Structures are given as structure tokens and as C-alpha cells.
Amino acid sequence: MSHSIQQVPGQFQMTRPGSRGDEESGPRPDHSSGRAARAAASAGKFFSGLAEGSSALVGQGSTAAWNGIKYGGNAAWGSTKTVGSATWSGVKTGGNLALTGARIAGNAGLKGAKSAGTTGWNDTKSSAVALGKFTLAPLQNKAWGALGGHALQQMITCGLPTMMREEAFIEAYNMLLPHLAEKHPAAAVGLQAAVSLANIAAQIHIREPRLARDPQHNQVAVRGQFGLSPEGAEVMRRDKPAEWNRLSAQTQTDSKRVTGQQIAAELMNVGMSLAGALTGNPGLTARVLSTQLRNVIYAGTRESLQATGSMVASRDGKASYGVSDDNMSTNGAWYTLNTLAMGMLQDGLIQKALPKGYTVSGPEIRDAAGKPLSGKALHEMGAIVSALRAACNTVIETGDAFLGKHYDAKQVGDGQKLSPSLPMKDYGRLLDHSIARLSWNNFANGSTLASQQIMAALTKGKVSPLLSSLFNNAGTAAAFGLTYKVVNQIYQAHSKVRGAVAAESQASATTSSQAPLTASAGATNTGNQNAATLTAAPGDQPTGALASSGQNPTGNSSAVATGGGSSSATAQQRMTGGSDS
């Protein structure tokens with residue numbers, strides 16, 4: 001259906017002139033269009049029809065228009081002045097208010113900044129003073145000789161084992177890789193599985209039963225683990241039985257945790273060994289196996305040397321009972337930070353010591369062309385790497401042993417001093433300290449190596465050397481730090497139990513040797529002597545026969561453990577795990 005346009009007579013305004021032409025048609029063209037011509041003709045016709053009345057209205061219209069213009073102009077000017085005045089007043093008022101607000105805000109901000117700065121500075125000073133006191137506290141009371149003694153002892157009992165383990169690590173890796181991992185990957189994985197099973201069996205069938213030998217039915221182990229004196233433990237059992245029961249249960253739980261760490265480590269080790277064989281990465285399989293050998297060598301040699309010699313003793317010879325729970329946490333924090341710092345320093349020193357372009361990754365050393373070293377070059381560079389690792393690990397263990405002995409002695413109002421000795425006793429620590437150390441080192445090494453493999457897979461190996469060093473050392477420090485407390489407290493528990501068992505054995509031997517003499521003296525005298533003998537080595541008291549100069553109960557010094565107690569356990573200086581870079 002069509003809709004025709006109906007023309008309605010009349011005139012309608014189709015356009016409206018604007019400043020730039022007709023608003024409907026847009027800007028005025030240079031030449032008049034047809035529409036403009038028609039509009040002009042219509043306008044002319046319209047005005048010609050009004051010509052008769054226009055002359056009469058011109059004067060009046062002009063006057064009215066002028067008057068309107070004047071009135072409108074005056075009104076507009078007045079309004080403009082009013083608005084302008086109001087605006088200026090508003091601007092001035094707003095400006096004044098803004099200025100005042102800015103000044104108030106500025107003053108408040110300045111005061112706040114000064115207050116915050118003062119508070120922050122005071123807090124910083126307080127923290128710095130506290131840190132300084134904490135750092136310098138162990139160096140007071142003439143402990144410089146003890147510090148030197150710890151340094152010398154750790155050079156022997158930590159530095160030498162570290163040098164040996166790193167040399168073995170490098171050499172074993174470079175022999176296992178071409179001769180076993182590459183040629184017979186299945187045999188390498190099988191050997192790793194056998195080693196892992198042996199490590200787990202050692203925890204379950206050797207270390208745990210030795211802790212269970214406690215002649216006082218776990219009481220000595222609990223006292224040793226948490227650094228409690230016999231009197232303090234007795235008060236706790238009497239007044240806080242629930243707390244004592246909690247600590248007793250925790251000793252058993254923590255011993256199981258050490259075993260659990262070993263199991264977790266071996267699962268990681270076997271898994272990585274198998275992954276290396278399946279993915280065509282024999283280097284990973286060889287590295288895991290050589291790491292196991294490295295840790296066994298370190299644990300055995302370190303504990304043997306710890307049992308052989310000691311350079312530090314308690315200054316006043318007071319009986320001590322081990323590092324307390326809170327102080328053990330502090331030691332763990334320091335150990336973590338020192339492990340990270342020394343790890344970074346170690347990497348930097350190794351990079352400076354090796355020829356330009358050489359790189360080191362665990363046991364593998366490559367030349368500037370990226371080829372693995374072998375033969376004489378490997379032995380020479382390996383010796384340099386091993387020596388630097390040993391030096392940095394010695395620094396870590398010196399600080400750790402010093403702080404451990406400091407807190408152990410301080411808790412009973414004693415100090416430490418330089419006191420060289422060769423006790424050459426307590427080799428039983430090889431059956432518990434060494435095995436616990438294997439759990440610690442294997443867990444830290446396994447978790448760090450696993451995280452390195454994950455990072456390499458995610459980044460495709462495109463990580464800067466500095467970032468890689470930070471990641472690796474942070475992982476190592478975290479792994480050792482998170483397990484520091486539980487392992488070192490179990491060290492203390494084992495040390496005390498060894499002392500208690502030794503004291504009981506000594507008492508039994510003494511009783512047996514005196515039995516024939518007392519039998520001839522009469523029944524009454526025999527009974528009295530036996531009673532005296534059996535009570536000669538109670539709990540955590542030092543015995544005359546076995547008490548040695550105080551060493552740290554967590555295990556780093558070597559002296560024989562005495563009757564379950566302070567001198568005996570104190571005779572064991574702390575043996576911490578060493579950073580495994």
C-alpha cells in the first residue's frame with residue numbers, strides 16, 4: 001500500500017538560520033542552493049505584503065527593540081556582575097577553604113609522618129639493641145676462648161667430614177653416571193631401592209629401639225628432649241601431670257617423625273631415580289645415588305670424630321640438662337639464616353675460584369664450553385669446590401655449636417670455656433645420632449633436589465644463575481630449618497638415654513664386683529652396700545666414674561655420657577646437620 005504525501009497549504013519554517021548557515025542543511029555553501037532561492041522569494045513576497053504597515057511600525061518597533069536591548073543588556077550586565085562577584089567570592093572562599101584544608105592536612109600529615117618515623121625509629125632501635133644483645137650475649141663472660149675452641153673442633157669434626165663427603169660426592173657421581181646409570185639404568189634404580197630400604201630399616205630396627213632402652217621408662221628421654229632437670233620434671237609430674245603426659249607422648253611422636261622423614265626422603269629418592277631412568281636422564285639417577293653415599297660418609301665420620309675429641313667444657317662444671325624447648329627454636333632460626341647466607345656465599349666463592357665460564361651443579365662441574373670435566377681437571381676443580389663447601393659448612397656448625405652450648409650452660413647459671421680433651425668414648429652415638437642425621441640430611445637433600453627438578457621443568461632451564469642460587473639455597477635452608485628442632489631434640493633424648501644406660505651398666509658392674517666382698521662381711525653390711533651402690537647414679541646426676549667436663553647435650557662435642565644426666569648428656573656436644581649445598 002502506498003502512502004502519498006499530501007500537500008497542505010500554508011507556510012512552514014523548514015530551516016532556521018544559525019551562525020554557520022541553516023541548521024537543517026548544515027554549513028552555508030558558497031553558491032545559493034535551490035532551497036535557499038525559494039526561501040528568499042517567499043520572504044520577499046511576505047515582506048512586500050506587509051509593506052503598508054511596516055512604515056508605521058518601524059519607529060515603534062525600533063524604539064521597543066532598542067529599549068528591550070538596553071533593558072536586557074543592563075539586566076544581563078547586572079546579572080553578570082552579580083554572578084561574577086558571587087563566583088569570585090566563591091572562588092576566594094573555596095580557595096581559602098582549600099588552602100586551610102591543605103594546611104591542616106599537611107600539618108596532620110607532617111605530624112603523622114614524624115610520629116610514624118619516630119615510632120619506627122624507636123622500634124628499629126629497640127629491635128637493633130635486642131638483636132645486638134642477643135648476638136653479643138654468648139660472647140660475654142669470657143667466652144672468646146670457647147668460641148675459638150668450637151671453631152677448632154668444628155674444623156676437625158665438621159670441616160674434614162664435609163671435605164671427604166664432597167670429594168666422594170663428585171667422584172662417585174662421575175663414575176656412576178657413565179658406568180652404571182647410563183649403561184644399566186635398571187640396576188641403578190634397584191641399587192637405590194636397596195639403599196633406601198636399608199636406611200628405613202636402620203631407623204625402625206636400630207635407632208628407635210635404642211631410644212626405648214630408657215631405664216626410667218621414657219622419663220630420661222623426655223627430660224633430655226626438652227632440657228628439663230630431674231627436679232623440674234618431678235614437679236611437672238606432680239603438679240602438671242597432663243603437661244608431662246603431653247611431653248612424653250611428644251617424645252614418642254617426634255622419634256616417629258624422624259623415621260617418617262627418612263621414609264619420605266627415600267620415597268623421593270626412589271621416585272627421582274626411577275624418573276631419571278624412564279625419561280632418559282641418567283644424571284638424575286646417578287645424582288640421587290651419589291647423594292646417598294655422600295650422606296652415609298658424612299654421618300659416620302662426623303660422629304666418630306665427635307666421640308673422639310672435645311675442645312670445650314663447662315666453666316664451673318655445673319650439671320646441665322640440655323637446651324630448652326624455647327632456646328632450641330631460637331637455635332633453629334639462626335641455623336636457617338646461617339645456612340642461607342653461607343650457601344649464597346659458597347656459590348659466589350666457588351664461581352670466583354673456578355676459571356671463567358666454569359659452572360657447578362651439585363656434583364657436576366662443566367668447563368666454559370659446557371662439557372663435563374673428567375680426569376685430572378675434575379680432581380683439581382673438585383678439590384677446590386669441596387674445600388670451599390667445607391669452609392662454609394664449618395662456619396655454620398661453629399655458630400650452631402657455640403649457641404647450643406651457651407644456652408645449655410646459661411640455663412643452669414654456668415658458662416663455657418676452652419678445654420681440649422680426648423675422651424675417646426661414647427661411640428654408641430654412631431648407632432643413633434648418625435642414623436638420625438641420615439634422616440635429616442636425606443630429607444633436606446631429597447626435597448631440595450625434587451624442587452630443583454620441578455623448577456627446571458617449569459622454567460625450561462631459563463633462570464639466571466643468581467636466581468637459581470637463591471632458589472636452591474633457600475630451599476636447602478628451609479628444609480633444614482623446618483626439621484632442625486625435632487631432629488636436635490631427638491639428639492638430646494638419645495644422648496641422655498645413652499648416659500642413663502651407661503650409668504646403670506656401671507652401677508651393675510660395681511655391684512657385681514663388690515658382691516663377694518660384702519658377702520663375707522655379713523648380710524646387713526651387704527645390704528647396705530648394695531643399697532648405696534644402686535642409688536649412686538640417680539636420674540640426671542653426674543657420676544664420679546663417668547662424669548666428664550660439660551659439653552653440649554645436643555651432641556656436638558664428644559665426651560662420654562653419664563648417668564642419664566646432665567654431665568653425661570652434657571658431655572655430648574651438639575652435632576647439627578651441616579648445610580648440604
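Across the whole structure, which is a predicted model, a search finds four aromatic pairs, where rings of Phe, Tyr and Trp (its six-membered ring) pair if their centres lie within 6.5 Å, and planes over 60 degrees apart count as edge-to-face. Two of the pairs share Trp-440 and are set out here.

| Pair | Centre to centre | Angle between planes | Class |
|---|---|---|---|
| Trp-440 and Phe-480 | 5.3 Å | 80° | edge-to-face |
| Trp-440 and Tyr-484 | 5.9 Å | 70° | edge-to-face |

Trp-440 lies in helix H11 (residues 433-459) and Phe-480 in helix H12 (residues 465-521), so their pair ties together parts that are 40 residues apart in sequence; helices here are DSSP runs (H or I, at least four residues), numbered from the N terminus. Both Trp-440 and Phe-480 are buried, that is, under 20% relative accessible area with a 1.4 Å probe and protein chains only, and Tyr-484 is buried as well.

Helix H8 (residues 282-308) is mostly covered, with 19 of its 27 residues buried.

Residues are numbered from 1 along each chain as its sequence is written. Local features need pLDDT of at least 70, side-chain atom pairs count only at pLDDT 80 or more, totals for chains, interfaces and linings use all residues, and side-chain values use heavy atoms, with hydrogens and water left out.

Terms used:
Buried means under 20% relative accessible area, exposed over 50%, partly exposed in between (1.4 Å probe, protein chains only). Helices (H or I, at least four residues) and strands (E, at least two) are DSSP runs, numbered from the N terminus. Rings of Phe, Tyr and Trp (its six-membered ring) pair if their centres lie within 6.5 Å; planes under 30 degrees apart count as stacked, over 60 as edge-to-face and the rest as tilted.
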